[in-house]
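Please keep the sequence and the 3D view open as you read.

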Amino acid sequence: MHKRMLIQAATALLALQFLAVPVYAAGSGGSDETVTQCKKGQVWDKKKKKCVAPQEGMLDDDSIYDAGHALAMAGRYDEAIAVLSLAANKQDPRILNYLGYSHRHSGRVTVGLGYYEEALRIDPNYTLVREYLGEAHLQIGDLAGAQQQLMEIEKRTGKGSREYGMLAEQIDHFMRS
C-alpha cells in the first residue's frame, strides 16, 4: 500500500514538472486574501507561507486542497488531480469533490461521477458536490439524475442557496437546448 502511494506521488510530481505554466494558489490572508505566484511544479504552503514542491506527507491536506481547488478553478485539471492525489486523507469529501470536478472537466465524466458518489457517501449534505454531480448528469444527458440532485439540494438548503440556483440554471439551459 505504501509503495503504491509513493509511486502515485512520484508520478504526480513528474507530471507537474512538465507543465510550464506558473501555479497561482490562494494564500490564507482571511478577508485580505493574497495570491502568491509559484514556479512550475510548486504549490503554496500556508504554514510556511511560501511556494514548495508538493510531496506526499510534506503539505497538510488543507494546503493540498487549497492548491488543488485553485488549479481546478483555473482550468488546470490535470495539475489539480496530481496535487489533490497527494492528500493523506483520501476520504476527505472536499478532495474527492475536486478530484471529481477535475476529472469531469477533463472529459472523464464517469470517473468524476465515482468521486462525487464517494464524497456523498461520506457527507450526504455536501451540496456543492450535489451541484457538480447534477452538472455531470447533464453532461451525459441524464436530466432525471440532475433533477434528483436539485431536489436533494432543495431539501438541505432550500431554493435560495447558491448551489440550488446554479444547478437550476444549468438544468434550465439544458432543457432549452
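## Ground rules

Two residues are in contact when they have heavy atoms within 4.5 Å of each other. What you see is a predicted model, where local features need pLDDT of at least 70, side-chain atom pairs count only at pLDDT 80 or more, and totals for chains, interfaces and linings use all residues. Residues are numbered from 1 along each chain as its sequence is written, and side-chain values use heavy atoms, with hydrogens and water left out.

## Overall layout

The protein has eight helices and four strands. Both are DSSP runs numbered from the N terminus: helices are H or I with at least four residues, strands E with at least two. Reading from the N terminus, the order is α-β-β-β-β-α-α-α-α-α-α-α.

Of the 177 residues, 45% count as buried. Buried here means under 20% relative accessible area, while exposed means over 50% and partly exposed lies in between (1.4 Å probe, protein chains only). The protein exposes about 9300 Å², and carbon and sulfur atoms supply 55% of that area; the areas come from the Shrake-Rupley method with a 1.4 Å probe. Among contacts with a separation of 6 or more, 45% are between residues 24 or more positions apart.

## Nonpolar cores

A nonpolar core is a set of buried Ala, Val, Leu, Ile, Met, Phe, Trp, Tyr and Cys residues joined through side-chain atoms within 4.5 Å. The largest one has 31 residues, of which Ile64, Ile95, Tyr98, Tyr101 and Tyr116 touch the most other members. Helices α2 (61–73), α3, α4 (93–105), α5 (109–122) and α6 each give two or more residues to this core. A second, separate core of seven residues includes Leu138, Ala146, Ile153 and Ile171.

Helix α3 (residues 77–84) is mostly covered, with seven of its eight residues buried.

## A look at histidine 137

Is histidine 137 buried or exposed? Histidine 137 counts as buried because its relative accessibility is 13%. This residue sits in helix α6 (residues 127–139). Beyond its neighbours within four places in sequence, histidine 137 is in contact with Leu113, Asp142, Gly145, Ala146 and Gln149.
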